[in-house]
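Please consult the sequence and coordinates displayed below before reading on.

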Amino acid sequence: MKSSELQSIKQRYNIVGNCEALNHALDVALQVAPTDLSVLIVGESGVGKEIIPRVIHDNSPRRREKYFAINCGSIPEGTIDSELFGHVKGSFTGAINDSPGYFGVANKGTLFLDEVGELPLATQARLLRVLETGEYIPVGATEVRKTDVRIVAATNVNIRQAISEGRFREDLYYRLNSIPIQIPPLRDRGEDIVLLFRLFAMQMAEKYRMDKIVLTEEAKLMLMRYKWPGNVRQLKNITEQISILSTERQITPEILARFIPQDQETTQLATIHNDGDHSFENEREILYKILFELRSNVNDMRREMSTLKKQIEDVKTVPSTTVPASSTIPTIPTIPTTAPLEDAIAEEYVEPVKEPENLNLDAWSRQALEKALDRNGGNRKKAALELGISDRTLYRRLKQYGLDK
Ligand SMILES: Nc1ncnc2c1ncn2[C@@H]1O[C@H](COP(=O)(O)OP(=O)(O)OP(=O)(O)O)[C@@H](O)[C@H]1O
Ligand SMILES: [Mg+2]
């Protein structure tokens with residue numbers, strides 16, 4: 001395969017990396033694409049297996065036909081046979097119509113069976129049959145159907161071990177594995193790690209219109225020495241975390257150390273540490289502040305809504321010109337001043353009014369404000385606290401009633 005051809009494939013699919021093993025994997029994918037041979041893509045979790053079947057399909061004579069990617073691990077055991085091979089109406093509860101299943105609809109196209117190691121044994125038997133003969137029987141059917149589907153499968157589990165434990169059929173493994181494609185783990189890709197970091201950093205900078213983070217020379221070395229148990233997916237997550245959380249754009253090993261797990265065997269992502277003199281505390285504080293701000297905005301909105309609702313009810317029940325008799329005025333409960341902020345509905349906090357006949361809701365609200373201010377010697381903060389509203393809401397109301405002078 002000419003290297004220019006390989007480069008154009010990488011560009012087309014946004015695949016970054018030049019290491020020998022990755023180039024070889026792409027090379028095999030392109031060579032096997034024009035055939036109908038089954039392909040098994042193997043590699044650890046997060047290495048980038050999912051793009052390969054697409055490359056194979058798009059470069060095969062089936063490119064104009066259907067392509068389906070099915071995650072075998074995410075389909076419940078009870079329905080996987082019917083999803084893959086279809087069913088006939090009435091074959092089980094809920095089978096209200098015939099269904100062709102993926103093998104029916106993908107006829108002449110390509111099926112990507114991701115996480116194939118998760119298939120139940122009964123489904124493995126059906127799959128083997130369709131791979132060998134092109135025949136299958138939908139659930140509940142008696143007649144055999146024919147299909148012409150190219151299978152590309154992928155797994156991150158050790159299939160040989162699954163075979164030895166009786167969880168995977170050996171014959172199916174050999175049938176799927178006509179052409180194996182091994183995607184290398186990230187730790188073996190040398191400088192590709194830095195190239196991938198640069199790609200993800202650039203994507204973040206573009207997406208969020210921020211300055212791109214760049215690695216110092218020492219930080220590059222650190223990334224290349226790390227084991228990357230979660231592979232490219234982990235590198236992508238970490239680059240995204242740093243892009244968002246680091247106040248520095250020049251990334252040093254010290255900054256990296258805060259994001260990369262210390263225990264290199266672990267597959268977990270870095271948690272945010274608050275030790276040392278870094279500003280994570282501040283960052284967390286900022287997030288908390290934003291959350292609190294949001295919460296009090298929501299509370300304000302709830303109060304506004306409640307007032308509006310009441311006003312609408314009033315309009316519905318109160319004749320427009322005359323003031324109703326006291327019995328028709330909705331009773332407004334008194335909320336103790338100790339009520340939690342979110343539970344207190346400011347406009348509902350009203351001093352028991354002796355003669356409310358001449359007052360509308362706005363006037364009540366205004367009166368409550370004036371009284372609260374009176375009681376607190378004009379101190380707005382205290383008045384707001386007593387009314388269970390935010391300073392901002394109090395200020396807005398004062399302005400509304402012309403009491404802000
Ligand atoms: N060479 C690469 N260039 C650019 N992005 C890549 C590359 N390899 C992987 N990625 C990105 O890394 C992420 C993980 O890849 P992918 O989902 O294909 O992993 P996987 O091998 O299928 O993992 P799993 O077995 O856990 O499903 C994806 O966001 C993918 O786009
Ligand atoms: Mg995957």
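The sections below cover the basis of the model, the ligand site, selected residues and backbone geometry.

## Basis of the model

This is a predicted model, in which local features need pLDDT of at least 70 and side-chain atom pairs count only at pLDDT 80 or more, while totals for chains, interfaces and linings use all residues. Residues are numbered from 1 along each chain as its sequence is written, chains are lettered from A and ligands numbered from 1 in the order in which they are written, and side-chain values use heavy atoms, with hydrogens and water left out.

## Ligand site

The shell around ligand 1 holds 17 residues, a residue being near a molecule if one of its heavy atoms lies within 4 Å of it. The closest are Val16, Ser45, Gly46, Lys49 and Asn156. By class, the shell divides into seven nonpolar, five polar and five charged residues; here Ala, Val, Leu, Ile, Met, Phe, Trp, Tyr, Cys and Pro count as nonpolar, Asp, Glu, Lys and Arg as charged, and the others, Gly among them, as polar.

Taken alone, ligand 1 exposes 640 Å², of which the protein buries 82%; accessible areas come from the Shrake-Rupley method with a 1.4 Å probe, and for residues only the protein chains shown count as cover. Helix H9 (192–208) and helix H11 (231–245) are the elements that give two or more residues to this shell, where helices (H or I, at least four residues) and strands (E, at least two) are DSSP runs numbered from the N terminus.

## Buried and exposed side chains

Thr147 occupies the loop between strand S5 (145–146) and strand S6 (150–155). Thr147 is classed as buried because its relative accessibility is 12%; buried means under 20% relative accessible area, exposed over 50%, and partly exposed in between (1.4 Å probe, protein chains only). The Thr147 side chain reaches the backbone oxygen of Phe103 at 2.7 Å. Ser82, in helix H4 (residues 77–85), is also buried, with a relative accessible area of 10%, and its side chain makes a polar contact with that of His87 (3.2 Å).

Thr247, by contrast, is exposed at 55% relative accessibility and lies in the loop between H11 and strand S9 (250–251). Its C-alpha atom is 9.8 Å from that of Ile213, 34 residues away along the chain. Tyr174, in helix H8 (residues 170–176), is partly exposed at 47%. Tyr174 and Leu40 are 134 residues apart in sequence, with a C-alpha to C-alpha distance of 9.6 Å.

## Backbone geometry

Most residues other than glycine have a negative phi. Asn14 has a positive phi, near 60°, and lies in the loop between helix H1 (3–13) and helix H2 (20–32). Asn231 also has a positive phi, of about 55°. Asn231 is placed in helix H11 and counts as buried because its relative accessibility is 0%.

How values were computed. A polar contact is a pair of N or O atoms within 3.5 Å; within protein, one must be able to donate a hydrogen and the other to accept it, and residues adjacent in sequence count only if both atoms are side-chain atoms.
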